[in-house]
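Please read the report below alongside the sequence and the coordinates shown here.

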Amino acid sequence: VRQCRKLLSPDIEANLLKAGEKLETNFLSTSKQSVNQGCLHVLTEAFPAGGHTAMAIRWVLNDRSGREHHVALLSQRDPIPDALLAAVRQTGGEIFLADPNSSFGERALWLRRLTRDKAKDVVLHVELCDVISGAAFGVSGGPRVMLVNHAAHLHWIGVSVADLLINCRGSALEGEWAEKYRGT
């Protein structure tokens, strides 16, 4: 039987944390305003239907806290879906686009800088191979980072930066595998 039993690589996680330490800026706000209470949803890309985009839209629309919701798109090349734009604007939030042609380190630094003045909470709706978020949040002192577990059975990168893992499929195995095979 050919199955992937390695759902996490300690070496890759350690390298992401090292990359995060080398980025030139920390999470101390440069703003004289009070700490922002917003929520930043980070997506690799937003698509017109389904998946991470639909979940982010539902999250934004169902949050009754009154806080702003922002979206950071790490590798967006297609137009931003209207439904996502409308949902974010409804909360007073904004959508931010990283330059998809820049290096992963440049995008990680961009994400860290964006986050420090925009969000108390970050929700990662990212692809499993995303190294940008791992490097961006690979230091202490940042916002609370929540990682959406949308593929419990596959190898992940960047789980070490998550403060909270959100299991959303309703299977008891999600939590068990996260603990047993990912140490989280």
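## Surface and burial

The protein chain has an accessible surface of about 9900 Å², of which carbon and sulfur atoms hold 52%, the areas coming from the Shrake-Rupley method with a 1.4 Å probe. Of its 184 residues, 45% count as buried, that is, under 20% relative accessible area.

This is a predicted model, in which local features need pLDDT of at least 70 and side-chain atom pairs count only at pLDDT 80 or more, while totals for chains, interfaces and linings use all residues. Residues are numbered from 1 along each chain as its sequence is written, and side-chain values use heavy atoms, with hydrogens and water left out.

## Fold

The protein chain has 6 helices and 6 strands, taken as DSSP runs (helices H or I, at least four residues; strands E, at least two) and numbered from the N terminus. Along the sequence they follow the pattern α-β-α-β-α-β-α-β-α-β-β-α.

Among contacts (heavy atoms within 4.5 Å) with a separation of 6 or more, 71% join residues 24 or more positions apart.

## The cavity

A search of the whole structure finds 1 cavity of 30 Å³ or more, a cavity being a set of points on a 1 Å grid over the protein atoms alone where a 1.4 Å probe fits but cannot get out.

Technical notes: Buried < 20%, exposed > 50% of the residue type's maximum accessible area, 1.4 Å probe, protein only. 1 Å grid on protein atoms, 1.4 Å probe; cavity = no way out; pocket = protein on both sides within 12 Å on 5 of 7 lines; lining within 4 Å. Points joined across faces, edges and corners; volume = space filled by probe spheres on them.
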